[in-house]
Every structure is written in structure tokens, then in C-alpha cells.
There are 2 protein chains.
Amino acid sequence: MNFPGHPALQEHKVISFEAIRVACKNCTLTALCLPMGLTPEDVDRLDGIVRRNRPLHRGDFLFRAGERFRSLYVVKTGSVKTYAPSPEGGEQVLGFHLPGEIIGLDAIEREFHLCSARVLETAAVCEVPFSRLEELSILVPSLQHQMYRLLSKEIAHDTEMLLLLGKKSAEDRLAAFLLSLSQRLRRRGLSPTDFYLSMSRHEIGNYLSLAVETVSRLFTRFQDEGLLKVDRKHILL
Amino acid sequence: MNFPGHPALQEHKVISFEAIRVACKNCTLTALCLPMGLTPEDVDRLDGIVRRNRPLHRGDFLFRAGERFRSLYVVKTGSVKTYAPSPEGGEQVLGFHLPGEIIGLDAIEREFHLCSARVLETAAVCEVPFSRLEELSILVPSLQHQMYRLLSKEIAHDTEMLLLLGKKSAEDRLAAFLLSLSQRLRRRGLSPTDFYLSMSRHEIGNYLSLAVETVSRLFTRFQDEGLLKVDRKHILL
DNA sequence: ACCTTAACTTGATCCTAGTCAACTTAAAGA
DNA sequence: TCTTTAAGTTGACTAGGATCAAGTTAAGGT
């Protein structure tokens, strides 16, 4: 979410262009991503099937609901949201994805995407054709193991989300959301107490099943209570 | 949920005792469960690692939150609920599991269970030691494929649940819950319009983030509107 | 069959968060 | 730069569902 530096956007873009060619073995996300636990040779083989497209910009689609499922996507920089569009034009936000997170795992079984994925903040994304990943994971047991772990992690994450929405109060939900965000940022080596939100109040509200106005009021209240400082999209816990 | 026949409970038990020894290849759930798409020989190999314990009764635990993860569990008959216990004694119901459904997929990554699984209705359950399943899936590519599908299916299911909870109105939630139940029963060859609920109003409310009283009122209202007939736990759509 | 306890239902009241509306601020485009 | 539009904030009002309370029904145990 807007991490590397809000003001220096041009510089950021240049960095992305360089970073995008980085092989898995040199990628800083290796501990969060597919290569975890693989031998250097196996990482090279994985590297061979990963496609690195050029940076995507706000509003670009990784895929749209209903499209045939072909690849998984890994966020390298920037941020992406997934959401289920409803026929009437509304949408339900399903998740916000930070660097190191994998998108598309829900589509393996159905073979088509049931949600759309859209870039929030200029993002570099690795594309991993699933059929090739599956073939490789037959040959590389530790990759299979890692795949099971990743899929399971996603299930556990969804479960936690259900738990969060189980909490009734709007206050609890927003607090839990901010804390979860903070933890995810820390794991990526970014400040867990000082960050920019890449999503709008509307999107936060939609995600947490709250009205925009409620989200706005809660930010104000939290600030009044001294829990955080908020300036537009800049959050300071 | 209470399917084969509410009144003839003793008969039901006898059937369960017999059914529990049925090998995977003769199991009626084969199309829903792990063996899907496997060759007969591979089903036999899978069969070799599946443990069939004797029937469990209402209130029995498959596992408790915090326990080490060793096995996946497949419901053969009866029903099971999973829930996250909170330290203060409360709990959040995470799911109700019908025959053919697999429990424990969220624990693979963490290697311990973050929820508890408890029998609602006298149940036969297959236990599949995960480490052995993983070994076997290295040797049997189609089993690996099926595992990816199952894990993905679980993610898609959780996603749909998030979507359901995104719907704000209590009415929508209960209706969606009953319809989803109905569909799952149909896929198992049971009546989608005439069934017994194996869970209490309290558990339904907890699952849908509604108060018990609201659930009760909604059942009454739906009946008044002629959408269904409800007698205690017996539902007729 | 009885008693005890838990599950469920129904009614009355309250409160949280949603809705409606007006205004402010910031970003994007000509 | 100015204009236009989208995003965010704040207030007033409302409604849906939670909570509190009391009563009913059914199940489980002896």
C-alpha cells in the first residue's frame, strides 16, 4: 500500500521496471512466495515458468470474473484488490493483496475466475501459468509441499476473515483490519505503524460490510481517542 | 443433517457400523471425495492409508483448537461443526460439514488446528494422515491434482461465505444459508426440499452473525410468507 | 412417567450503524 | 490556472436487529 514512497512516484516507477526482471532467487519476497524451501536448482526451474510482465497501473485488471483460469499471480510491488462484481453493478470487495501474496487460488477447481482482480497502486506482478506449475510440482516434491502450504494458508486467512466479520461492532472490525494490515506490512519489512492506505474509505467499508460514513467516523473517533493519527490516506498508529 | 431417517435411529446406527468398513472404491461419496479421477489401483493405494474409526456421537471431538495437525477428516455420514473457541468461553461457528466434505485443510500450513471440530449428529468419519497423503500424492499425479482442486474448492467456498456475510440483511443471510444447505444435500442425493437441521438455532445464528431470536423470528416469518414449513428441526421448502 | 434443563418462541425496548443530505477537500483534466 | 468531479467528513434522522424479559415446548436422565 503505497509503501516505497508516496511522493517520489517517478522514481518508484523506475525501480519497478528494474525490479521486475529480478529472478526468483534474487527476489526479496522469496521467503513469502513459492520458492520457500526449494533448492537453488529447483528455484531456477520455477524461474523458467514465471512470466514477468511490465508494471500495471491503477485500474488495470489482472483478470476479470468469468474469465478462464490459466495462471496464478504474485504481487511483487504495489497492491491489488479482488472483488466479486454483482450483475447490478455493485461489488463486494474480497481482499487487498500486498507484495508476496498470491492471487487466483480460488479458481483452480472451477477453472474460471469468480472474482475480478484490479490494481490499486502501480504494481509489478509475476504470472505463473498453473498447468506448468502443476507439472513442475510433480517433479519437485518440495514445491508440492509449498503449494499445499500456500493453499492452506489462504484457507486459514479466509477463516480469520470470517472470524473478523463475526465480530459484530464496527469498531472491532476496523481495528482488526488495521492491525492485520500492520502485521502484514511488518512481515514484509515495512513500517507497521506508519503507512499509506492504497484503498478508499468506500472500499474499506465494502470489505468490512460497513457504510463509508461509518468508516470515516471511526477514523475520526480513533484519532480523538489518541489511538492513531490519520491524514487522508496516511496512517500513524 | 439428520438425513437417513430421524425416527429410526437404531437402524441408522447399524447401517453406520457396516458402512464404516466400506473401502473407498465402494464408497458412495467417491465422486465428492479424494478418489475422484483416480484409477482403481490408485484408489486402492489411497485406501491403504485411510483410517476408519468407529462412529462418533454428538459432542465428540474430531480435534480441538491448538492440537497438533496430523490428519484430514472426511465426513461419511452424520454432520460435524467447526468453530473457533474464544478464551472467554464464547465461540464462533465456522462451518457445518456434510458427508463428502473434508475437514482440517486450514491447519496444513500452521501445523496445528486453529478451530475445533465437533460432531453434531452421530457420524462416521475417515481419518487421512496428512504426511502419508502427501507422500502418496508425490507418486500419484492425479491425486495431487485432486488435492489442489479440493483445497481450491475450500477457498472458493470460504469466499462465497464472505460474500454471504457481505449481504447485510438477516433475511438474505438465512435464506442464502438454507439454499446453500439445500444444494449441498441435493449433490449428495438427498432431498433438497425436505430435511432436518442438525444444528441449533443458536448455532445458525452464531454462524450467520445473527441473534438466536432473529433466527427464530425469521423462520416464523418465512413460514407465514409461505416460503417454507418448519417444525422444530424439520424443514420443508 | 416424572422432573430438570436446555432449546425455542414471542413481545417490548434500546442502540448501533445505515441512510439521507449538505458541505469540504483534494485530485484529475481541459 | 480554473473547472469539474470524485472522495471524504460531519450532522440529523431512521430502521433493523440486538438485548432484555417472560413464557412455552421438547428432550434427556433418573
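How many bridges join strand 8 of chain A to strand 9 of chain A? I found three bridges between strand 8 and strand 9 (residues 234-236) of chain A, which run antiparallel; strands here are DSSP runs of E of at least two residues, and helices are runs of H or I of at least four, numbered from the N terminus. Two strands count as paired if DSSP finds at least two bridges between them.

I noted that this is a predicted model, in which local features need pLDDT of at least 70 and side-chain atom pairs count only at pLDDT 80 or more, while totals for chains, interfaces and linings use all residues. Residues are numbered from 1 along each chain as its sequence is written, and chains are lettered from A and ligands numbered from 1 in the order in which they are written.

I then followed the sheet in chain A, where three strands form an open, antiparallel arrangement in the order 7-9-8. Strand 7 (194-196) and strand 8 (229-231) of chain A each have a single partner strand, so one side of each is left without a neighbour in the sheet.

Next I turned to DNA strand C, which has 18 residues around it, with Ala211(A), Thr214(A), Ser200(B), Ser216(B) and Thr220(B) coming nearest; a residue is near if its C-beta atom, placed from the backbone, lies within 6 Å. I recorded that helix 7 of chain B gives the most to this surface, with six residues.
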